[in-house]
Amino acid sequence: MRQFRLITLGVVLLVCCDMVAPTTSAADTQAGSHAGTLQGAPYRIDVPAHWNGDLVMLMHGYEPAGAPRATPMKPADETAIFLKRGYAVAQSDYASQGWAVGDAIVDNERLRQFAGRSIGHPRHTYLVGFSLGALEAVASLERHPHTYAGALLMCGATVSTPELIARGTLTPLVAFDALIPGVLPDLAAADAPAFVPPGVFAQALKAHPEQAAILERRLQETPESLPTLSLYYMVLRELERRAGGMPVDNRKTVYRGFGDDAAFNRRVHRYAGSPAALAYARRNVSLSGHIDAPVVMEWNAFDQTIPSRLHGIYPDQVRAAGNGRLLTVLAPVGQGHCAFSNGQIGAAFGTLLSKVATAGH
């Protein structure tokens, strides 16, 4: 289900995978699937019958902590798109769930190196990430220069974690709480629940239509999509547990666009960030816009999970870093979070290949 990119990745053949495999070439690599675990991270590698010698590192999005994982792993929905075009596909399920950005970057790099030893060193390696996986993919591109030929970022949460949590998660929640008080617990309380069902938000919004209209307008949501606040709440609480405290600080934030700004800023709940948790958020992960290979980005025309107010942040960083020539932002298509057809994903990947060829990678 692409809605939250709760992707579990799967397999048929099996090797126990902390072993070092012999180096092979594309010509003698056997087609099929290979699976196992690398230092606690399940993975799979799929090789098509007529491998073109190139590799796609496919990075999935947010998977709630505790979500069941299939064993053996199943392929991500998008795997076949690349296999049909002759590309081998490697994908890690990461050593942890939730805000696993740090693990994702490390586990993806470990798998990339392992794939080179086990199926043969690819001619070119591409990053493809969806939703939170797009953040992990572009962070991998920045962290490992001269490694990837290019990156395709679809429906991406491509915003540095501190800003993404502040603008994409905390702002909607404290706005909801200020306009419709008494529904949410203290977000920093140790005994606050890990999850608030979407129905709780939906019921409160239905009972307060005037306040709901303000939230819809300001947060670029619809009445149907506003209960996505449940996802934002779950992500924030999981990140708090992972970081060991509140990973965001809004004590000096001045909020605008929620009606009477002065009254709103007096009512909004203020949270003091934990120094250790704030540092954790910066490490996992902050983007710079420094890229050395072509990047193609595309979002849906309406995305209830990653609204358009967040889409321009990374492109602006890339241009500010002087790398605008390597960036292509495609026109948005479709309605929903990661609501792309296989044809649209294939077309976006084709654009990346063209940009890579032009750039000489």
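The model is predicted: local features need pLDDT of at least 70, side-chain atom pairs count only at pLDDT 80 or more, and totals for chains, interfaces and linings use all residues. Residues are numbered from 1 along each chain as its sequence is written, and side-chain values use heavy atoms, with hydrogens and water left out.

Start with the sheet. Eight strands form an open sheet, in the order S1-S2-S4-S3-S5-S6-S7-S8. The pairing is mixed. Strands here are DSSP runs (E, at least two residues), as are helices (H or I, at least four), and both are numbered from the N terminus. Two strands pair if DSSP finds at least two bridges between them. The edges are strand S1 (32-38) and strand S8 (327-329), each of which pairs on one side only. On average, neighbouring strands of this sheet are turned by 15° against each other, direction ignored. Axes are lines fitted to C-alpha atoms, for helices over the stretch in contact, and angles run from 0 to 180 degrees between N-to-C directions.

Now look at S5. Strand S3 (residues 55-59) pairs with strand S5 (residues 125-130) in the parallel sense, over five bridges. Leu 55 has Thr 125 as its bridge partner in S5. Met 57 stands opposite Leu 127 in S5. S5 also pairs with strand S6 (residues 150-154), again in the parallel sense and over five bridges. There, Tyr 126 has Gly 150 in S6 as its bridge partner. S5 is mostly covered, with six of its six residues buried. Buried means under 20% relative accessible area, exposed over 50%, and partly exposed in between (1.4 Å probe, protein chains only). Both faces of S5 are covered. Thr 125, Leu 127 and Gly 129 are buried on one side, and Tyr 126, Val 128 and Phe 130 on the other.

Next come helices on the sheet. Helix H2 (residues 101-118) lies across S1, strand S2 (41-47), S3, strand S4 (88-92) and S5. H2 runs at about 40° to S2. Helix H10 (residues 313-320) lies across strand S7 (295-298) and S8, at about 155° to S8.

Phe 82 lies in helix H1 (residues 79-83). At 0% relative accessibility, Phe 82 counts as buried. Leaving aside neighbours within four places in sequence, Phe 82 is in contact with Val 56, Leu 58, Tyr 87, Val 89, Val 128, Ile 345 and Phe 349. Contact means heavy atoms within 4.5 Å.

Which two helices pack at an angle of about 160°? They are helix H4 (residues 161-179) and helix H6 (residues 209-219), with their axes 10 Å apart. H4 is therefore roughly antiparallel to H6. The classes are roughly parallel under 35 degrees, roughly antiparallel over 145, roughly perpendicular from 65 to 115, and oblique for the rest. In this contact, Pro 172, Ala 175, Phe 176 and Leu 179 of H4 meet Gln 211, Ile 214, Leu 215 and Leu 219 of H6. By class, there are seven nonpolar residues, one polar and no charged. Ala, Val, Leu, Ile, Met, Phe, Trp, Tyr, Cys and Pro count as nonpolar, Asp, Glu, Lys and Arg as charged, and the others, Gly among them, as polar.

The buried residues of H9 are Ala 277, Ala 279, Tyr 280 and Ala 281. What covers them includes H4 and helix H7 (229-243). Met 234 has its place in H7. Met 234 counts as buried, at 17% relative accessibility. Beyond neighbours within four places in sequence, Met 234 is in contact with Tyr 62, Pro 64, Ala 194 and Phe 195. The C-alpha atoms of Met 234 and Ala 65 are separated by 9.5 Å, although these residues are 169 apart along the chain.

Finally, check the backbone. Most residues other than glycine have a negative phi, and most peptide bonds are trans. The peptide bond from Thr 71 to Pro 72 is cis, with omega near 0°. Pro 72 lies in the loop between S3 and H1. A cis peptide bond also joins Asn 284 and Val 285, with omega about 15°. Val 285 lies in the loop between H9 and S7.

Ser 131 is not a glycine, yet has a positive phi of about 60°. Ser 131 is found in the loop between S5 and helix H3 (132-143), and is buried, with a relative accessible area of 6%. Cys 338 has a positive phi of about 60° too, and is not a glycine. Cys 338 lies in the loop between S8 and helix H11 (342-359). At 2% relative accessibility, Cys 338 counts as buried.
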